[in-house]
Each structure stands twice: as C-alpha cells, then as structure tokens.
Amino acid sequence: MIDSNTSERILSTLRESLLSGAALRQRAMQLLDELPEYDWSGIYQLEGDMLVLDEYVGAETNHTHIPVGRGVCGTAVAEDRNQVIEDVRNLDNYIACSTSTRSEIVVLIRDVSGTVLGQIDIDGHNVGAFDASDEALLEATGAVLAERWQ
Ligand code: SME
C-alpha cells in the first residue's frame with residue numbers, strides 16, 4: 001500500500017533525475033527499496049526467451065537467468081500481465097530467492113509501442129504486502145525507465 005505523496009515523491013525524483021540507462025534503473029531500485037514493505041527490488045531485462053537480472057537492491061540471488069514461463073517473473077511475460085502474489089506459499093510455479101519472502105509483485109516494463117523490455121520485481125516479507133497502489137507506482141516507474149532505457 002503506497003500513499004500518493006510517496007508515489008509522487010519517487011516519480012518526480014526519477015523524472016527530474018539527469019541519470020539514464022543502468023544508473024537510472026539503479027537509482028529507481030534504491031528509492032523503491034527504501035519503502036517499508038519492499039525487501040528486494042530488482043529489474044530483469046527480457047532477452048529473447050530469457051529474463052536476465054539487471055540492477056537490484058537486496059540480497060544477492062542465484063536466479064540471474066529465468067526462462068519465460070518459469071516462476072512469477074517468467075509467468076508475467078508468458079501471460080503478458082503483471083503479477084500480484086498475496087502469498088507465494090500458495091504457488092506451485094515459484095522460484096524462491098529468499099526463504100523469508102512471503103509476497104511478490106512483478107510489473108512489466110514496456111516501450112512506447114508496448115513491447116516488453118523487462119520487468120520490475122519486488123519481494124516482501126509480509127503476506128499481502130502489495131496492492132493496486134504498488135502496481136500503479138511500479139507501472140509509472142517502468143514508464144520513466146523505458147524512456148531512458150539505454
Ligand atoms: N521469485 C521470483 C524469482 C526472482 S527472485 O524473487 C529475486 C519468481 O518466482 O520468478
């Protein structure tokens with residue numbers, strides 16, 4: 001749950017930033033990871049049929065390459081829609097990065113023509129940590145990142 005002031009603060013910081021490409025994506029992950037429920041904040045880029053870990057803030061993960069269709073991340077691409085998972089323990093198709101993760105949100109990043117460039121993936125330590133307000137913030141964040149992807 002994100003209030004509109006917090007959302008606006010993060011988005012205006014990113015919009016006004018002079019950074020671009022990987023540096024902007026790293027800045028975005030830092031800002032997001034400061035939010036209380038955000039315990040791992042990262043970006044995967046879509047390269048063919050593979051999601052490849054890009055910038056992130058949080059514990060190191062072995063899951064640097066995730067095939068489309070696998071896990072929450074791969075499902076988002078396969079189904080072409082964002083994933084908001086209330087309790088990851090209810091999923092069969094889940095790749096655990098950390099045993100303390102309880103909820104997860106994955107939001108696709110698209111360029112202006114709608115092509116998927118990648119995704120923002122956030123893990124939370126509490127059940128039901130994310131809702132439509134988080135999805136809206138991450139969608140808007142992704143739009144800023146897509147404009148300055150290179
Ligand atoms: N849990 C994800 C894998 C990525 S880690 O959370 C960083 C998934 O099921 O796809």
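Helices (H or I, at least four residues) and strands (E, at least two) are DSSP runs, numbered from the N terminus. This is a predicted model, in which local features need pLDDT of at least 70, side-chain atom pairs count only at pLDDT 80 or more, and totals for chains, interfaces and linings use all residues. Residues are numbered from 1 along each chain as its sequence is written, and side-chain values use heavy atoms, without hydrogens and water.

**Exercise 1. Classify the ring pair Trp40 and Tyr56.**

Step 1. Recall the rule: rings of Phe, Tyr and Trp (its six-membered ring) pair if their centres lie within 6.5 Å. Planes under 30 degrees apart count as stacked, over 60 as edge-to-face and the rest as tilted.

Step 2. Apply it. The centres of Trp40 and Tyr56 are 5.6 Å apart and the planes are at 20 degrees, so this pair is stacked.

Step 3. Trp40 lies in strand β1 and Tyr56 in strand β2 (residues 50-57), 16 residues apart.

Step 4. Check exposure (buried is under 20% relative accessible area, exposed over 50%, partly exposed in between; 1.4 Å probe, protein chains only). Trp40 has 5%, so Trp40 is buried. Tyr56 has 25%, so Tyr56 is partly exposed.

**Exercise 2. Describe the partners of Arg25.**

Step 1. Look for a salt bridge (a side-chain nitrogen of Lys or Arg within 4 Å of a carboxyl oxygen of Asp or Glu). Arg25 forms one with Asp54; their closest N and O atoms are 2.6 Å apart.

Step 2. Locate the two ends. Arg25 is in helix α2 and Asp54 in strand β2, 29 residues apart. Both Arg25 and Asp54 are buried.

Step 3. Look for a ring under the charge (NZ of Lys or CZ of Arg within 6 Å of the ring centre and within 35 degrees of the ring normal). The charged end of Arg25 sits over the ring of Trp149, 4.5 Å from its centre.

**Exercise 3. Compare the exposure of Asp87 and Arg89.**

Step 1. Find the link. Asp87 and Arg89 form a salt bridge, with closest N and O atoms 3.1 Å apart.

Step 2. Apply the cut-offs. Asp87 has 14% relative accessibility, so Asp87 counts as buried. Arg89 has 52%, so Arg89 counts as exposed.

**Exercise 4. Find which elements each supply at least two residues of the lining of the largest pocket.**

Step 1. Name the elements. They are β5 (103-110) and α4.

Step 2. Find the largest share. Five residues of this lining come from α4.
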